[in-house]
Amino acid sequence: MWTFWLMAGALALGSGIALLMGFRRGAGATAEVSAPALDVQLYRDQLAGIERDAARGTIAAEEAGRLRTEISRRLLEADRQARATAPSRLADGPRLGLPLVVLTLAGAGALYWTLGVPGYPDMPMATRLALSEKLRENRPSQAVAEADAPVPPEPQGADAEYLALMQKLRSTVAERPDDIRGQRLLAENEARLGNYRAAHAAQAEVIRLAGDAATAEDYALLAEMLVYATGGYVSPEAEAALTEALRRDPKNTAALYLSGLMFAQVDRADRAFALWRTALESAAPDSPWMKPLQEQIGDMAARAGVRYQPPGASAGPMAGMMPGPGAEDMAAAAEMSAEDRQAMIESMVERLNERLATEGGSAEEWARLIGALGVLGQTDRARAIWTEAQGRFAAMPEDLAKVRAAAVQAGVAE
């Protein structure tokens with residue numbers, strides 16, 4: 001602490017001296033251009049001019065002598081006045097500058113006392129790391145964080161038919177809790193409705209039922225739901241899920257991003273930046289995590305003291321987490337009655353179609369929509385979506401190829 005105050009005092013003293021010297025130089029410059037000093041220079045020039053005219057014979061010797069006497073008298077008087085006023089002018093600068101310097105330094109000190117932390121002790125790196133680790137070890141559990149989080153809002157934009165189907169799905173899963181496909185479908189749809197607490201409970205069941213076959217994506221998805229259930233806080237339970245995800249796949253983008261978020265929350269910007277950099281530089285271009293990574297990694301690099309230019313330039317990361325119905329969704333829905341299954345699939349397809357129309361999406365999502373419409377027999381709509389996709393992905397041949405493959409399978413492209 002004393003080192004800081006000694007350095008601050010030395011800087012303040014040096015600044016004050018520099019300001020006072022500036023005032024003195026300014027006063028000296030003012031004195032040099034004062035009126036008596038200008039008169040002295042003028043009379044000297046006039047005397048020189050008289051001598052030149054007398055030498056050339058343009059004025060008589062008697063006239064030259066008279067002018068020389070008169071101008072010399074004026075020169076002496078001007079010089080006397082210049083000498084008399086110079087010391088007082090030179091003293092004006094420091095005399096006026098000293099109070100201003102004192103006021104400036106006092107104001108700076110008062111500002112620091114108000115906005116700064118005067119009594120804050122020195123924080124060596126070892127101390128900061130120890131505090132970060134202590135914060136990480138003692139942070140609230142998932143249950144505590146969920147209790148403190150705002151109450152989730154009621155689902156918006158979901159039609160009554162879809163909500164009724166969700167009630168049936170919940171009842172079916174409750175009757176058959178060991179059906180992993182039903183648990184998976186329940187977790188994804190609860191998350192779509194914003195019911196993240198119910199979603200992560202169902203996803204935990206998916207992992208329990210999968211056992212050793214649970215994938216990195218399963219654990220990363222569980223972590224996402226846990227994080228969103230707390231409003232963005234990464235709890236120890238979410239960290240454990242992320243650890244399992246990264247153990248299975250060290251390049252899993254979702255797990256890397258959320259692990260970095262956890263370290264940012266415990267004041268370890270260095271580790272957060274390292275994880276986000278790995279995620280950003282290894283993520284697929286159409287990954288839903290790309291935008292949040294690009295938008296936040298610059299600030300994280302600055303906090304970590306690293307100069308970093310991200311490879312590219314906000315949608316929230318959950319925006320693309322569950323884009324729409326896939327083959328596994330269809331298989332899980334097979335457990336329902338034919339009418340309920342058809343209604344569930346059509347509702348999911350409509351939701352995906354609406355989101356792609358308003359927000360856009362990845363090539364995989366467009367391909368999924370076209371494939372789903374083909375399965376439903378809505379070939380005219382699938383053809384229209386394929387036509388629109390050709391315009392959207394015209395400049396991205398790899399993405400266009402993915403969508404084309406789905407269109408060929410749906411029978412609307414060759």
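Glu70, Arg73 and Arg74 are joined in a network of salt bridges, a salt bridge being a side-chain nitrogen of Lys or Arg within 4 Å of a carboxyl oxygen of Asp or Glu.

A word on the model: it is predicted, so local features need pLDDT of at least 70 and side-chain atom pairs count only at pLDDT 80 or more, while totals for chains, interfaces and linings use all residues. Residues are numbered from 1 along each chain as its sequence is written, and side-chain values use heavy atoms, with hydrogens and water left out.

## The chain as a whole

The secondary structure comes to 18 helices and zero strands. These elements are DSSP runs numbered from the N terminus (helices H or I, at least four residues; strands E, at least two). Of the 414 residues, 39% count as buried. The accessible surface is about 23,300 Å², and 58% of that belongs to carbon and sulfur atoms; the areas come from the Shrake-Rupley method with a 1.4 Å probe, and for residues only the protein chains shown count as cover.

The structure holds 19 salt bridges, and some of them span the sequence. One of these pairs is arginine 136 with glutamate 239, whose closest N and O atoms are 2.3 Å apart. Arginine 136 lies in helix α4 (residues 125-137) and glutamate 239 in helix α10, so the pair ties together parts 103 residues apart in sequence. Glutamate 239 counts as buried, at 14% relative accessibility.

Aspartate 218 and arginine 184 form another salt bridge, with 2.9 Å between the closest N and O atoms. This pair links helix α9, which holds aspartate 218, to helix α7 (residues 180-192), which holds arginine 184, across 34 residues. Both partners are buried.

## Two nonpolar cores

A nonpolar core is a set of buried Ala, Val, Leu, Ile, Met, Phe, Trp, Tyr and Cys residues joined through side-chain atoms within 4.5 Å. The largest has 40 residues, and those with the most contacts inside it are Val234, Leu258, Trp276, Leu293 and Met300. The elements giving it two or more residues are α8 (196-210), α9 (216-229), α10 (236-248), α11 (253-265), α12 (269-282) and α13 (290-303). Helix α11 gives the most, with nine residues.

Beyond its neighbours within four places in sequence, leucine 258 is in contact with Ala223, Glu224, Val227, Val234, Leu242 and Trp289, contact meaning heavy atoms within 4.5 Å.

## A buried glutamine

Glutamine 142 belongs to helix α5 (residues 142-148) and is buried, at 5% relative accessibility. Its side chain reaches the backbone oxygen of leucine 226 at 3.0 Å. The side chain of glutamine 142 also lies 2.5 Å from that of serine 235 in a polar contact, which is a pair of N or O atoms within 3.5 Å; within protein, one must be able to donate a hydrogen and the other to accept it, and residues adjacent in sequence count only if both atoms are side-chain atoms.

Technical notes
Buried means under 20% relative accessible area, exposed over 50%, partly exposed in between (1.4 Å probe, protein chains only).
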